Amino acid sequence: MKLKILGCSGGIGKGLKTTTFKVDDSMIIDPGTGMEKLTLEEMLSVRTILITHAHLDHIIGLPLMLATIFDQARHQIQIYALPDVISALNTHIFNWTVWPDYTQLPEDKPIIRMHSLQAGDELTLAGKHIQVLPAAHPTPTVGYLLSDQNSSFAFTGDTGVNPQLWPLLNEKKPQLVIIDVSFTDDQGELAQLSGHLTPSQLAQELTHFEHHAEIRITHLKPGNEDMIVARCHELLPEWTLDRLHHDEIIEL
Ligand SMILES: [Zn+2]
Ligand SMILES: [Zn+2]
């Protein structure tokens with residue numbers, strides 16, 4: 001699998017985009033502001049979108065992309081998300097006020113089709129096995145574990161302390177785990193309220209992980225990136241760990 005990091009920041013600003021990952025050529029996990037990095041041709045190639053949750057930084061690229069490709073779209077895009085997330089998109093985005101209702105356009109075959117899933121579900125899409133992972137965040141959220149014959153990786157979605165996750169990852173043994181560490185240790189209260197991890201909490205979480213996968217951290221708040229990464233290295237010297245970088249391609 002080829003994973004392209006289009007966005008991995010907890011905010012925006014020059015050079016920073018919010019969560020958007022492209023898997024091979026036709027699948028997106030979380031259409032955040034990183035969707036801006038795609039060419040028109042690349043947008044037209046998207047067939048499957050997995051969404052972790054309805055927070056704006058993870059979905060804002062979707063309505064904008066649909067308007068961009070609408071008159072040239074070659075196929076219907078299949079969108080997978082929790083029922084609460086689909087409901088939030090329908091109520092708050094595709095409501096004819098904020099944006100046209102692309103679930104009804106064009107009438108004969110709408111450009112998108114929504115499919116609901118739940119944590120624990122397993123599905124096969126575009127030749128990949130997908131397991132839906134539990135997450136701990138203030139709004140209904142999941143993560144995803146993707147695997148094919150040769151490789152696998154897990155993305156936690158936005159999450160705070162998540163005890164349900166580790167037994168699953170111990171069993172599945174992904175090669176790579178992308179995990180949310182948004183805040184510094186000094187911002188522990190804010191992290192707890194907003195459902196994200198700090199470096200110290202990551203270190204605590206990883207005591208439950210028996211499989212030494214490569215760890216990549218994501219969703220770092222702008223301005224604090226170096227401090228978060230340095231503290232993670234200090235606390236977890238035995239782990240292969242780095243932050244994600246914009247535009248990097250991870251070959252699995
Ligand atoms: Zn969130
Ligand atoms: Zn987020």
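Predicted model: local features only at pLDDT ≥ 70, side-chain atom pairs only at ≥ 80, totals over all residues.
Let me begin with the metals. The zinc ion that is ligand 1 is held by four residues, His53 through NE2, His55 through ND1, His137 through NE2 and Asp158 through OD, at distances of 2.1 to 2.4 Å. If you follow those donors along the sequence, the spacing reads H-x1-H-x81-H-x20-D. The angles among the four donor atoms run from 89 to 166 degrees, and the site is classed as irregular. As for accessibility, His55 is partly exposed, with a relative accessible area of 30%, whereas Asp158 counts as buried at 2%.

What coordinates the other zinc ion, ligand 2? Here the donors are Asp57 through OD, His58 through NE2, Asp158 through OD and His219 through NE2, at 2.1 to 2.2 Å. The spacing in sequence is D-H-x99-D-x60-H. The four donor atoms subtend angles of 88 to 169 degrees, and the arrangement is irregular because a tetrahedral site would need all angles to lie between 85 and 135 degrees. This site too links distant parts of the chain, with Asp57 in helix 2 and His219 in the loop between strand 12 and helix 8, 162 residues apart. His219 counts as buried, at 2% relative accessibility. Please keep Asp158 in mind when you look at both sites together, as this residue coordinates both zinc ions, which are 3.5 Å apart.

Which residues of the largest nonpolar core touch the most other members? They are Leu146 and Phe153, in a core of 51 residues. Leaving out residues up to four places away in sequence, Phe153 touches a list that includes Met1, Leu3, Val23, Ile29, Leu146 and Leu252. Apart from that core lies another, of 24 residues, with Trp166, Ile179, Ile228 and Trp239 among them.

Ala154, which is in strand 10, is buried with a relative accessible area of 0%. Beyond its neighbours within four places in sequence, Ala154 is in contact with residues including Leu133, Tyr144, Leu169 and Val177. By way of contrast, Gln104 is 50 residues from Ala154 in sequence and 33 Å away in space, taken from C-alpha to C-alpha.

Turning to the helices, the axes of helix 7, residues 199-206, and helix 8, residues 225-235, come within 9 Å and cross at roughly 35 degrees, and the crossing is right-handed. Pro199, Ser200, Leu202 and Ala203 make the contact from helix 7, and Ile228, Arg231, Cys232 and Leu235 make it from helix 8.

Finally, the backbone. The peptide bond from Leu105 to Pro106 is cis, with omega near -15 degrees, and Pro106 is found in the loop between helix 4 and strand 6. Ala126 has a positive phi, near 50 degrees, in a residue other than glycine; Ala126 lies in the loop between strand 7 and strand 8 and is partly exposed at 48% relative accessibility. Asp247, again not a glycine, has a positive phi of about 75 degrees; Asp247 is in the loop between strand 13 and strand 14, and counts as partly exposed at 43%.

Methods: Residues numbered from 1 in each chain as written. Chains lettered and ligands numbered in written order. Heavy atoms only, no water. Donors = N, O, S within 2.8 Å, 3.2 Å for Na, K, Ca; no water. Tetrahedral: all angles 85-135°; square planar, octahedral: opposite > 155°, others 65-115°. Buried < 20%, exposed > 50% of the residue type's maximum accessible area, 1.4 Å probe, protein only. Helix = DSSP H or I, 4+ residues; strand = E, 2+ residues; numbered from the N terminus. Contact = heavy atoms within 4.5 Å. Core = buried A, V, L, I, M, F, W, Y, C linked by side-chain atoms within 4.5 Å. Axes fitted to C-alpha atoms, helices over the stretch in contact; angles between N-to-C directions. Left-handed = near helix turned anticlockwise from the far one by under 90°.
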